[in-house]
Amino acid sequence: MADRPPPQTTSIAEAGARGGADLARLVAEWMPRQRWFAGKARDVADMRIDQMCVIADRVLEVIVAVEYPDGAERYQVPLVEAPDDAPAWAVLGSAAGLRLMDATVDADASRLLARAALSERAWTAGAAAITGAPVAPIDDRAMGLESQAPARRLTGEQSNTSIVFGDQAILKIFRRLDEGENPDIEITRELTLAGFPHAPAQRGSLVLRSDGDVQTALAVLSEFVTAGRDGWELACAEVDSLAAAAPQTQFLAEVSALGGAVARLHTALRDRFGTRAAERSDLEGWAKEMLGQLDAVFETAQRRAAHAAAGVLDRADQIRGRLTDIATAEDPGPMTRTHGDLHLGQTLLAGGRWQLLDFEGEPSRSVAERRQLRSPLRDVAGMLRSFDYASAAERLSAGAAPPSPEVIRAAEGWRDEARRRFLDGYLEIAGEAEIVPASSHSIQVLLDAFELDKAVYELGYELANRPSWLQIPIGGILRVLERSAGRPTTKP
């Protein structure tokens, strides 16, 4: 047997201090291969280490600046010394004689980051500092952070990295960083302090604070929802069961309660963050933004799928009229903070209660945009569109057998019933809380415009990614137009 090499003596702090060019090169080679790196299709002009600090003498926090010809981004790469049996994909290489790997793969290092979120300590990172921000004092054991508790890294995430500790807590590491108060941290903290029952309680966060108290979220630690069923999976399974002699009905039985949970969310957000009435300038701004997206998506559809999308391209003026209607709504209702990216995949049904997850908002928008007050009916429209997708996704999946006309009709009936029950559950509570317009006509005008806007966005997404799914947003657009056919249309 060959002799083992002598143990490494370089500390993680020395690797950061003396690694210099080697560390920068390792990060620049490794980071573009990761799923969460959003710049794969862009030309990288420069990639450099912007800030570094050592947390708890073991984790080297590295903030990486990436520059493109048309913009810039920052990313978080926490590193730790790599053992001999470290998975090759997680290892960056050696800097200053120390072999380094992604710290989120190491259970002990991940626990250190979670504990840091529960502390009030600060670690210097150049001219900035990384600080913990606990919501309330809590024991490590209550969060599954004791050294012997199991830790597992979730797979399948696109933009973040999450680690679950003993099925009690989950640490979400934000990879692509945005300056400003992260809505996921801000909203879940306020909901936790309010005792809101339909979202996992936040326990702490890690934040990078720079000169002028500019903050950048690094991680958030929350309670983990056990034995929960993903709303998207539950809905799709129910639709898939419609061809069986005894189809499932659990989702439809609970969807009114989901509407109520969303209404209670909007009420809690109003109470914690405030509200104001939508003004004419807000409505005109919404219409302008919607029409801009419509023109861009329809231009792409005309080039790429003019025949497949002819049913909506031929009705462009009618769609513009429905979107423009929003600017003339007599009673647009209040504006509040919202979830911002609500769909079935952001929900869990656990113990007979719905839980709402992931309050980051639309990732394509800036933090400042995601923190703005919006009509809560935007969230409602997003969920309605999600029912459309759940009713059709299974039959459009690769390799799926063509469904019979009877099954298609059953799925469409399921979709319509889910929409009705969700809306009934939502409006019953939202109306009492006065977080929607008092006029049912105004509610429908706003919902039609928001749902059309969402479906147009989906049309653009499917054109770029799944052309075989174009019929889902196209069908959604046409149904909104049919539903509102008897209403006068504003001239575009």
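**Briefing: a bent first helix, ring contacts and selected residues**

Helix α1 buries I12, A15, G16, G19, L23, L26, V27 and W30, and the elements that cover these buried residues include strands β1 (46-55), β2 (59-68), β3 (71-81), β4 (91-95) and β5 (98-102). The model described here is a predicted one.

**Helix α1**

- Although α1 spans residues 12-30 and so counts 19 residues, its end C-alpha atoms lie only 18 Å apart, which falls short of the 27 Å that a straight helix would reach at 1.5 Å a residue.
- The helix bends by about 95 degrees, and the residue at which this bend is found is G20.
- Among the buried residues of α1 are G19 and L23, and β1 is one of the strands that cover the buried set.

**Positive phi outside glycine**

- D57, a residue other than glycine, has a positive phi near 60 degrees, and its place in the chain is the loop between β1 and β2.
- With a relative accessible area of 72%, D57 is exposed, because the cut-off for that class is over 50%.
- A227 likewise is a residue other than glycine with a positive phi, in this case near 55 degrees, and it lies in the loop that runs between β13 (215-223) and β14 (229-230).
- The relative accessibility of A227 is 76%, so this residue also counts as exposed.

**Aromatic pairs and charges over rings**

- The structure holds nine aromatic pairs. In the pair formed by W36 and Y75, the ring centres are 6.0 Å apart and the planes stand at 40 degrees, so the pair is classed as tilted.
- Because W36 lies in the loop between α1 and β1 while Y75 belongs to strand β3, this pair ties together parts of the chain that are 39 residues apart in sequence.
- Both members of this pair, W36 and Y75, are buried.
- Elsewhere, ring pairs link F251, W354, F387, W414 and F422 into a cluster.
- Two arginines place their charged ends over aromatic rings: R337 sits over the ring of F273, at 4.7 Å from its centre, and R466 sits over the ring of W469, at 4.0 Å from its centre.

**H198 and its surroundings**

- H198 is placed in the loop between α3 (183-193) and β12 (202-209), and because its relative accessibility is 10%, where under 20% is the cut-off, it counts as buried.
- The side chain of H198 reaches the backbone oxygen of W354 at 2.9 Å, and W354 is itself one of the residues that ring pairs link into a cluster with F251, F387, W414 and F422.
- Leaving aside residues up to four places away in sequence, H198 touches A261, R264, R353, W354, Q355 and L356.

**Q318**

- Q318 is found in helix α8, which covers residues 316-324, and with a relative accessibility of 24% this residue counts as partly exposed.
- From C-alpha to C-alpha, Q318 and A122 are 57 Å apart in space, and the two residues are separated by 196 residues in sequence.

How values were computed: Residues are numbered from 1 along each chain as its sequence is written. This is a predicted model: local features need pLDDT of at least 70, side-chain atom pairs count only at pLDDT 80 or more; totals for chains, interfaces and linings use all residues. Side-chain values use heavy atoms; hydrogens and water are left out. Helices (H or I, at least four residues) and strands (E, at least two) are DSSP runs, numbered from the N terminus. The bend at a residue is the angle between axes fitted to the seven residues ending there and the seven starting there. Buried means under 20% relative accessible area, exposed over 50%, partly exposed in between (1.4 Å probe, protein chains only). Contact means heavy atoms within 4.5 Å. Rings of Phe, Tyr and Trp (its six-membered ring) pair if their centres lie within 6.5 Å; planes under 30 degrees apart count as stacked, over 60 as edge-to-face and the rest as tilted. A charge sits over a ring if NZ of Lys or CZ of Arg is within 6 Å of the ring centre and within 35 degrees of the ring normal. A polar contact is a pair of N or O atoms within 3.5 Å; within protein, one must be able to donate a hydrogen and the other to accept it, and residues adjacent in sequence count only if both atoms are side-chain atoms.
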